[in-house]
Amino acid sequence: MSAAKTQTEDLVNVQVDGHWIQVKKGTRMIEACKQASAEVPHYCYHPKLTSPGNCRMCLVEMGMPPRPAPGQEAELDNDGHAEISWMPRPVIACANTVAEGMGIRTQSTLAKECREGVMEFLLINHPLDCPICDQAGECTLQEYSVEHGKGESRFLEDKVKKPKNVDIGPRIRLDDERCVLCSRCVRFTREIVDDDVLGFVDRGSHNVLTVHPDKPLANNYSLNTVDICPVGALTSNDFRFKMRVWFMRETKSICNGCARGCNILISSRENKIYRQTPRENNEVNSSWMCDSGRLDYHFLDSSARLTDPMIKKGKSHETVDWPQAVRRVAEGLIKYKGDEVAIIVSARMTNEELYLVRVLADTLETKNVDALKCHGEGDDYLSHKDKRPNTNGAKVILKLRSPGSKIKSIKRGIESGSIKALLVYGENIASKGFGDDVLSKLKFLVTSHILANPTAKLSSIVLPGSGYAEKRGSMINATGRLQLLNKAIEPPGNSRDDWEILQDINRAIDGKDFTYELADLFSEMASVVPALKGLHLSGVGENGVQVIETGETIPLLEREAQRVKQGLIVG
Amino acid sequence: MPITVERPKLTLLEKFYFPAIIKGLRITIGHAIRILRRKKKVTMQYPEEKWDDNMPEYYRGAPALVTDEHGRERCVSCQLCEFICPPRAITIIPEEIPSDDKWSKVEKRPKEFEIDMIRCIYCGMCEEVCPEQAIYLRKDYAITGHNREEMVHDKEKLYEIGGVREGLVNKWNKLK
Amino acid sequence: MEAGNILTSIEVMPILISFIKIVVVIFAVILPMVAYSVWAERRVSAVIQERVGPNRVGIPFTKIGLFGLGQPIADGIKFLLKEDFTPGHVNKLYYWLAPALTMVPALLTCAVLPFGSELFGEKMVIADLNVGPLFVFAIASLSVYGIVLAGWASNSKYSFLGGVRSSSQMISYEISLGLSLVPVLLIFGELNLSEIVREQSKNGWLLLPFWGEGAIWNGGVDRFFLLFPAFIAFIVFTTSIFAETNRLPFDLPECETELVAGYHTEYSSMKFALFFLGEYAAMIIGSGLIVTLFLGGWSLPFGLDAYLMSVSGDPQQIPWWLGLIHIGTFLAKVIAFILFFIWVRWTLPRFRYDQLMKLGWIIFFELALVNIFITAGILILTRDPAP
């Protein structure tokens, strides 16, 4: 190596395990090590939370160049760096920041012995009940004891007994014996969701995590504590004893609970979803997600799922095959002219599906196309008041200025008889103001949904579609970010991907060529929709791309940015 | 580097084959005479004669679940055997032990535990991996059934084969 | 009236007697022997390998095992009951024809084999042809068609390779088979197999000329010197019979390590059984031929025949008990030879194909050819020229 790179304004030279790197001024030592690919084990440190430095797992050896006496020149080695004099004691890497000329040793004998000692202490009272612990397989205590532990216990005394299987909230179970007292959960509830109900009580080896006697850990973000818990102390009731983590396949997708579009990982095994966890995206959801979105996947496994296309014969529905169902839909629609047909879509549909609806509406020459508006309660963190994930997509693709504004006129049209045929996608309109009396006036009603519902019961034809975890596609969230859904499981029975059903109907009516790849359909859509110009499905990536500006901000991200600026957290 | 193996040079006598053939015939007839004169017995007449009494401790027969001396099912359904099983013969559905149960402190037990004996290859990996010493390969080797369903051993059947094993882990006692 | 005349003009008795002989020989002797040689093969191989072999099938629904003698019957029932599967990609006609073409020639050749001397004045041979060995070769060479057709009609590469191998192997060895027999015919000056056996009965077996005029002390110097070419002919002939019947160490047409099962890979049920039985039938006929030509056929050794004849009194008429002894002798010799076949099979490894061809064309062919001249030379030197 030549002479050391000169110190630029906000970069400093740091030596990690013998190699010199340049990192930003103010970087924590643990992050500098990460950049140098030297992973430092840690429990309490989390980049989105403050660093109390209480687990002591990230102890490393640190050194600085000696300060020269007045008039003395600093001694430089061949590379132009000053000689480092190592400190006799280790320091924690998570709460200290780097300085110019600093040296860090993560693999020295001292650092290794420190980790071994810390691991031994952490495991003294550990119950070693990995066989029944849900964290097993993704437990840092397991991982670090393999990598940094002694491998055997020297502890002869009886272990301290602590509360096990404690109910601390509606969705969370606490096991104090497994807890390593890292305080990540305490800090999360305190700093992120302002629901300060967790804390430590008692002293010494009897120190335990506990919940406020009158207030359970019941906020809508409580399950994030399970994610950040490095051990199995906090486990989710929903996931409890359902499946071991090593069996599950993780699919990167987005949550469909609201317009926020939190990035998630869907964990599934053999066509069944077992849990959803947040996936870090600092433009959308940081590392968190709400409990209601996280647990909103059970309907995919519901017994009410539609599995076959059905046609109404008399009073009941009869199962038919897909070609017949599609032909009947096409025949039913072309009987009516232009505005006699109305289409109500759902903002749960992907952009590709909405685009195909747009093509269908153009072919049928109808202007009665609208998406149902569905607002609920939002909060000051992540949850959005718009409970449909792709309202912005519907706006962009279907050129709707204000979704839901035409619904009333469609209803009036049905009542007056000017609208004779109605297509409903992914919504149960019977519970949204379209009563039996209204819908029974229609000559032809087609529903595409994944669950049996009153609207489907009144429909002439029912087309079973796929849920959000069963298909691919793109959506635009509340802040205007285009993000991708991915397929985690197969749709049940004979139900199919919605875009394929829609395309079949389109082609049965207009007779054009089929598109066989979702990517081709996306490109076709991107060439028509200005906001998506020049985009390809493969170019969207797992974190999405910004396509429109909505002017909305995310409160939780705002506050995190504030704390980063204050130097409280790394971010 | 290629290694060339030289073919052995045959003598004139060897080239005739006959001495070698006669030598071979002598060996085989020797074996035949030995067995005909009952000098040696190798084969066992299976259904009448059985090896059961001579079976070694380490014999790997049908895998089965065992209970401990208090009647507690040892298996806590950690699913490690399901994971390690090379032919994927094991299927486990775990459940939580209800709080009024005598063994509620164990928290977890198998709701369903099935071993497909058509798939099982008797490798013993499940026994080796089990952290609770709950699954053992017993000495049962004649596992038969009239159809595929019968060949799937459910929890009840597995405990029936397995029986009780005493001692071993004392992880769930009071002191832990 | 005309028809009645014709009927009475044909002698019914010889036809009826021939028919009885055919039925008895084929169905009471050859086929059971085929079946039981399969059993013997399994038992002997087991004994050689220090196993037990099929020893359980006895009388049904009892525990009586009878050393597994019921096994061939059980096998036969199994073959009949198995699904007779014809693959979709075969040439149906030839596929169906091939098994029959393998079995039939093997059975036909036994027509000229004298399996006994006389019984109640009737010669114990189905057809007492004057061209016995030629008939045998003519018919036996047909059996290659069965195998070639099976290989070709199966439309499978393994079968095809097996068929091709088999045909080239059988054609190659037929030459040495035929040539090795010429010295024998020269020595006896006879093509009628019954006469050949009678001659051996009187004057000593070809390989054991120690009584009658064949014995050296009785002036049979020629036969003594002819022992050498006769032995060479015996070796060549026996080895060629091994190759002709596709048995180890020459079973390359069906060697399972390379060709699955060779020409009968695609066959199942009774059609497969016909191939299987055809091979064993060929082995039995081959043994019979060797016994007839070299080891005196049905005759007893050391002039016992002549002695027993003299005991019976009538020198022209062979008594019925001696006839039966002769039949028994023939069968005993054949069975001994079958055991030898089996013994060889479970001893020797399979030859390589080039070794097989080299043995046939470069060694046996020349050896048999030279052997003819040696025999002829010895005959000229030792026998008086014909009067």
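1. Of the 176 residues that make up chain B, 24% count as buried. The model is a predicted one, and this share, like the other values in this note, should be read with that in mind.

2. The overall dimensions of chain B go with that first point. Its radius of gyration is 27 Å, whereas a compact globule of 176 residues would have one near 16 Å. As for its secondary structure, chain B contains five helices and five strands. Read from the N terminus on, these elements follow one another in the order α-α-β-α-β-β-α-β-β-α. Among the contacts in chain B with a separation of 6 or more, 70% are accounted for by residues 24 or more positions apart.

3. Turning to chain C, a student will want to know how the chain is divided. Domain 1 covers residues 1–81 and domain 2 covers residues 82–382, and the C-alpha centres of these two domains of chain C lie 20 Å apart. The contact between them takes 20 residues from domain 1 of chain C and 19 residues from domain 2 of chain C.

4. Which helices supply the side of domain 1 of chain C that touches domain 2 of chain C? Both α2 (12–48) and α3 (71–81) of chain C provide at least two residues each, and the largest share of that side, 16 residues, comes from α2(C). Sorted by class, the side of domain 1 of chain C that touches domain 2 of chain C has 14 nonpolar, three polar and three charged residues.

5. Ser460(A) is placed in the loop between α12 (454–458) and β21 (461–464) of chain A. Is Ser460(A) buried or exposed? It counts as buried, because Ser460(A) has 20 C-beta neighbours inside 10 Å, and the cut-off for a buried residue is 20 or more.

6. The surroundings of Ser460(A) can be described through its contacts. When its neighbours within four places in sequence are left aside, Ser460(A) is in contact with Ile311(A), Lys312(A) and Gly332(A), and also with Phe444(A), Leu445(A) and Val446(A). Arg348(A), for its part, is 112 residues from Ser460(A) in sequence and 23 Å from Ser460(A) in space, taken C-alpha to C-alpha.

Methods:
Residues are numbered from 1 along each chain as its sequence is written. Chains are lettered from A and ligands numbered from 1 in the order in which they are written. This is a predicted model: local features need pLDDT of at least 70, side-chain atom pairs count only at pLDDT 80 or more; totals for chains, interfaces and linings use all residues. Helices (H or I, at least four residues) and strands (E, at least two) are DSSP runs, numbered from the N terminus. A residue is buried if 20 or more other C-beta atoms lie within 10 Å of its own, exposed if 12 or fewer, and partly exposed in between; C-beta atoms are placed from the backbone. Two residues are in contact if their C-beta atoms, placed from the backbone, lie within 7 Å. Domain bounds come from an automatic or database domain assignment. Ala, Val, Leu, Ile, Met, Phe, Trp, Tyr, Cys and Pro count as nonpolar, Asp, Glu, Lys and Arg as charged, and the others, Gly among them, as polar. The radius of gyration is taken over C-alpha atoms; the globule rule is 2.2 Å times the number of residues to the power 0.38.
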